[in-house]
Amino acid sequence: MTMACPARRSSLMDDLLGLLRIRIKRGVNLAVRDISSSDPYVVVKMGKQKLKTRVINKDVNPEWNEDLTLSVTDSNLNVLLTVYDHDMFSKDDKMGDAEFEIKPYIQALRMQLDGLPSGTIVTTVQPSRHNCLAEQSQVTWVDGKLVQDLVLRLRHVECGEVEAQLQWIDLPGSKGL
């Protein structure tokens, strides 16, 4: 009697395109939510994933320089970035949000650009009503890697921007791009 092989279960690695590292660089001119300042932190969401930076106390121009890494299974998903003011005794106040597409970045990654001179601009995303870019965003080949710098204007708030950078991490064993 022969034994049938069990059906291979699909794992996260089968659907995983790779990892998206989002460096949350800094906030610029964030809204004041406490008496004279704010204690901001950033929450990044994509699909069911949710990550957050550390809180920076009493600073409306915080420098996080913190890397948050998301698993990417669908390049059509947008990333939602929300800034909050940390409060000790009450619910944290929302200080605006911004949403952006990763699709232009993923499309540039799929171009297989090995060998370009460092500093080559591969593609440029223009600010529009459909994104939260405060200025044009460039996908650039830097030292053998593709990076995208973003300056995001926060929505639903009187002022504030967040600067971030996207970088891709290929995972051995993942589906890949």
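How many helices and strands are there in the protein? The answer is two helices and ten strands, and the legends below take you through them in a predicted model.

**View 1. The whole chain, with its elements in order.** Starting at the N terminus, the elements run α-β-β-β-β-β-β-α-β-β-β-β. Along the principal axes, the C-alpha atoms fill a box of roughly 75 × 45 × 30 Å.

View 2. As for charge, look for 22 positive and 24 negative side chains. The centres of these two sets lie 5 Å apart.

**View 3. The open sheet of six strands.** Follow the strands across the sheet in the order β4-β1-β10-β9-β8-β7, and you will find antiparallel pairing. Why is one side of β4 and of β7 left without a neighbour in the sheet? Strands β4 (63–72) and β7 (120–125) stand at the edges, and each has a single partner strand, so one side of each is left open in this sense. From one strand to the next, the twist averages 20°. As a reminder for reading this view, strands of a sheet pair through backbone hydrogen bonds, either parallel or antiparallel.

**View 4. The pairing of β8 and β9.** This close-up turns to two strands that sit side by side in the order given for the sheet. Strand β8 covers residues 137–142 and strand β9 covers residues 145–153. The two run antiparallel, joined by four bridges. To get your bearings, find Trp-141, which stands opposite Leu-146 in β9.

View 5. Ile-106 belongs to helix α2, which spans residues 103–109. Is this side chain's residue, Ile-106, buried or exposed? With a relative accessible area of 1%, Ile-106 is buried, because the cut-off for that label is under 20%. Leaving aside residues up to four places away in sequence, Ile-106 touches Ser-75, Trp-168 and Leu-177.

View 6. How many residues apart along the chain are Ile-106 and Phe-89? They are 17 residues apart in sequence, and their C-alpha atoms are separated by 41 Å.

Notes. Residues are numbered from 1 along each chain as its sequence is written. This is a predicted model: local features need pLDDT of at least 70, side-chain atom pairs count only at pLDDT 80 or more; totals for chains, interfaces and linings use all residues. Side-chain values use heavy atoms; hydrogens and water are left out. Lys and Arg count as positive and Asp and Glu as negative; His and the chain ends are not counted. The place of a charge is taken as NZ of Lys, CZ of Arg, CG of Asp or CD of Glu. Two strands pair if DSSP finds at least two bridges between them. Axes are lines fitted to C-alpha atoms, for helices over the stretch in contact, and angles run from 0 to 180 degrees between N-to-C directions. Buried means under 20% relative accessible area, exposed over 50%, partly exposed in between (1.4 Å probe, protein chains only). Contact means heavy atoms within 4.5 Å.
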